[in-house]
Amino acid sequence: MNISYNWLRDLIDIDLPPSELGKRLTDVGLAVEGIHEHGEDSVFDIDLTSNRPDCLSHLGVAREIGVITEHKLTAETQEIGEIESEIPMPAVLAGDVVRIDETELCQRFTARIIRNVKIGPSPQWMVDRLEAIGERSINNVADITNYVMHELGQPMHSFDLDKLDGNRIVVRVAREGETIKTLDEVDRNLTTDMLVICDAEKPVAIAGIMGGLDSSISESTSNVLLEVAHFKRENIRATSRKLNLNTEASYRFERGVDIENLIGASNRAAQLICELAGGEMGELIDMHPSHPTPVSVESPNISAAVKRLTGLDVATDECVRILTALGIMPQDRSEISDLKSQIFASPSWRHDIHIEEDLVEEIARHAGYDNIANELPPAYGAGEYQPTESREKVLRQTLTDHGFDEALSYSFIDTRHDGVFEIVPGLLADDLEGKYVTLNDSVMEGAVRMRATSLPGLLDAIRLNFNHQRKDVRLFEIGKAYAATVAEDHAPNEQKLLSLVITGAETVEGRAMPVREFDFYDAKGAVEAALQAIGVSDAEYVPTDVTHLRRGQSASISIDGSNIGHVGRLSDDIAGSYKFKQSIYVAELNLQTALTKHIETPTYRPLAKYPSVTRDVSFVVKRDMTFASICEIIRTSDATLCRNVMFVDIYEGKGMAEDERSITIRLEYSNDARTLVEEEVEAEHQSILELLDTELGIRPRF
C-alpha cells in the first residue's frame, strides 16, 4: 500500500524526515518496504498484515505516527467530515429512496444526494496526490471518492442519480440469470449468493466491489447519489473470488471498514464535491438496520500483563498513554484502590482487539520489539522430557540419517485445501458439520484455516526447492494438526502428525549422477524406519484408495488393526495444480496414536555362532499379489529353521503376461545349536514351497 508523506503532514505534525519516519513505522509493525520519490513528495510502500485494515488509509497511519511522536492529529483532521446541524432524512421517508432487503449482508447504508454538479477534471493538487500513490485521475467526482477512500479508509461509489430507474436504491442478492456490465466494461454473470446494489429494476453495482457502467458518472451527469456503506466481509470475499475481480474497495471491505465512519466519510466526499464540482448538498439517508456490540477488554493489571507476556517493563501510565493514543480508551477502574483492574473500549475501527493479549501486543509494538530481551522460556516442567519426547528424538535422528531434512511449515492454510487431502484417522469429528477450525482474523492473507494436514506446507516447500533447481528432496515434519470438536470449551482437537515427502533420485556422496529414481518403496521404507525408531515394528500396509494419492500406488498404514495414515504417490490432479513434472511420494500418519502403542522392551540375543543358509526363489504371481501376503503365509507355517524372509526384486516385462509379474524373495535358514546340513534345509524349504502352492497357488518360476 502506498502512503504519501506530504499527505500525512496534512493530517498530523511530523518533525521526522521520510527515512527516519519509515524506520519508526517499521519498528511498530507497519513494515515500510521502500520509499520512492514522486516530485516533491516521498511515498512509503507499506506491507500490512491482514488484521490491520485500519491502517489502509492515511488517517490510520497518522494515528500510529501520533503514538510514535506523541503528537495529536491536527485540528483540521479532527474536523474532517463534520457538518453542523444536519439531520438525516427520517427512516419512514428514507425507505422510499433506499431499501435494504439483506440486512445481514449490509449492516449500514448511507446515500447522499448532491445536485447540479459539473463534471470535469480534478484540480492539479488532487491529481498529484492520487498519482503519487498510483491512482489514475478520471474526473472530479470519481477522483474525490478515491481520494476520500485513501484518506479515511472508507470505499464509496457515486451513481448518476438520473440514470437510476425510479431514482431509488435496493440492496438485495442477485436474481437467477441477472448480469451486469461493470466499469471495466466486462459483462459479468451474477449468482444468487452475490449482494448487489440495484435501482428499481436491475443491478447497478456489485456491492463493495465495483459499480456498473450504465449508471456511472459521465460528462452529462448533473445529479449524484453518493453511496457509502458497510457490508459483510465474508460475502465480499466470496463474491470477489467467484468473479475473479479484486479492487481497492473489495480489498478494504474484505478486511473490514469502520461502520461508525460512514457519515464522516460521506460528509467529507460531499463537501469536496460541492467545493470542486460546484454541487449543492442535498438529503442524507442513513439506513442502519444492525448495530455492532462495542467490544470491551478487561485487564486486571495491564503493566503486569505486559511484563508477564513480553518481559518489558512498561509503567501503567505509559501503557494507558499508548492505548489511548491508539483510540483504545480506558473506561473504568476497580473501586478497590489497591487493584489496578481497568476496562478498555476497543474503537470501532479496530476489529482485532478482543482479549488482554491484544492490548499487550499494542503496547509491545510501541514499547519496541527490539527491547524484548533474549530469554529462555520458564521451565515449568523442571526441564524433564515429556513421556514421548525421547522416542520422537530418535525418530528425527533416524529420518535425518536416511537423508531427510526437517521442515516447519505454517499452521494456517487456505480453505482451498479442504477436501483435497484425506485427513488421517482420529482427527476429524464425523458428526460435526463444520469439521475445521477457522480464524476470524488471519494474520496471513487468505490463510484462515488451522491445518488438518501438514501436506500443503510440505508441497509448498517442494515447489520452492524446485524453483531453486533442487530436484532431489526429502522432507519430513512433526507438528500439530487441528480440528473442531463438540467439547464444551470448544477447544480444538489437536493431534501430532508425522508427514513426509520424497521426490527425485537418490544420490551418493561424491557422485554427480543419481543412482536411481525414488519410488513408492522409498516412501514406504521411510515410514517403516520411522515407526521402528519409536518401537513399532508390526505396521501393516494395505493397498487402498486415498483421495490425494494415485490409485494403485497408495496404501493405508495400520497398527494392531487400527488405521493411522497413508502413503503413496501424489495424484496427478494435485501434482498438476502445483505444476510438478516429476513423481512426488507422500506419507502422513497420526503420530500421536502410534506413540500410544505399547512397545516391548528390547531383549538381548547373541550373534549366531553357526552360518546360515539362504535360498532365493522367484514366483510368477498376479499383479495384485503382494510380498506381504507371501510373508504372512510363511509366518503361519510350522517351519522352525526359517528365521527370516526378505524382499529381493520384482520383474515385469518380456516373458510375463500383462497381468503377471515375478517376485523374488530370500529365505534364510539357521540353527543356534549347530551347522545345518543340506538335506534338512531342503526338506523345510520344499515344505514352505508346497504351502505357498496350496495357499496362494504360486510356484517357483525356475
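This is a predicted model: local features need pLDDT of at least 70, side-chain atom pairs count only at pLDDT 80 or more; totals for chains, interfaces and linings use all residues.
Me: Great. How many residues are in the largest nonpolar core?
Reply: That core has 47 residues, and Leu8, Leu21, Leu25 and Ile46 have the most contacts inside it. A nonpolar core here is a set of buried Ala, Val, Leu, Ile, Met, Phe, Trp, Tyr and Cys residues joined through side-chain atoms within 4.5 Å. Buried means under 20% relative accessible area, exposed means over 50%, and partly exposed is in between, using a 1.4 Å probe and protein chains only.

Me: Which helices and strands supply at least two residues of this core?
Reply: Helices H1 (5-11), H2 (18-27), H3 (58-69), H6 (124-132), H7 (140-152) and H10 (262-277) do, along with strands S3 (41-47) and S13 (224-231). The largest share, seven residues, comes from H10. The labels are DSSP runs numbered from the N terminus: helices are H or I with at least four residues, and strands are E with at least two.

Me: And is there a second core?
Reply: There is a second, separate core of 40 residues, which includes Phe159, Leu161, Ile180 and Phe231.

Me: Back to Leu8 for a moment. What is it in contact with, leaving aside neighbours within four places in sequence?
Reply: Leu8 is in contact with Ile3, Ile14, Leu21, Phe44, His58, Val61, Ala62 and Ile65. Contact means heavy atoms within 4.5 Å.

Me: Let's switch to helix packing. How do H8 and H9 cross?
Reply: Two packed helices are described by the angle between their axes and the distance between the axes. For H8 (residues 233-243) and H9 (residues 248-255), the axes come within 7 Å and cross at roughly 140°. The axes are lines fitted to C-alpha atoms, for helices over the stretch in contact, with angles from 0 to 180 degrees between N-to-C directions. H8 and H9 are therefore oblique to each other; under 35 degrees counts as roughly parallel, over 145 as roughly antiparallel, 65 to 115 as roughly perpendicular and the rest as oblique.

Me: Which residues make the contact?
Reply: On H8, Arg233, Ile236, Arg237 and Ser240 take part, and on H9 the partners are Ser250, Phe253, Glu254 and Arg255. By type, these divide into two nonpolar, two polar and four charged. The classes are Ala, Val, Leu, Ile, Met, Phe, Trp, Tyr, Cys and Pro as nonpolar, Asp, Glu, Lys and Arg as charged, and the others, Gly among them, as polar.

Me: How about H19 and H20: what angle and distance there?
Reply: The axes of H19 (residues 627-635) and H20 (residues 678-696) come within 10 Å and cross at roughly 120°. That makes H19 oblique to H20. Ser629, Ile630, Ile633 and Ile634 in H19 meet Ile688, Leu691, Leu692, Glu695 and Leu696 in H20. The residues of this contact divide into seven nonpolar, one polar and one charged.

Me: New topic, backbone angles. What is phi like at Gln469?
Reply: Phi of Gln469 is near 65°, a positive value in a residue other than glycine. Gln469 sits in the loop between helix H15 (455-467) and strand S22 (473-483) and is exposed, with a relative accessible area of 61%.

Me: And Asp560, where is that one?
Reply: Asp560 lies in the loop between strand S27 (549-559) and strand S28 (562-570). Its phi is positive too, at about 50°, although Asp560 is not a glycine.

Me: Last one: is Thr664 buried or exposed?
Reply: Thr664 is buried, with a relative accessible area of 14%, and its place is in strand S32 (residues 660-669). Leaving aside neighbours within four places in sequence, Thr664 is in contact with Asp616, Val617, Ser618, Met646, Phe647, Val648 and Asp649. Thr664 and Arg701 are 37 residues apart in sequence, and their C-alpha atoms are 9.3 Å apart in space.

Technical notes. Residues are numbered from 1 along each chain as its sequence is written. Side-chain values use heavy atoms; hydrogens and water are left out.
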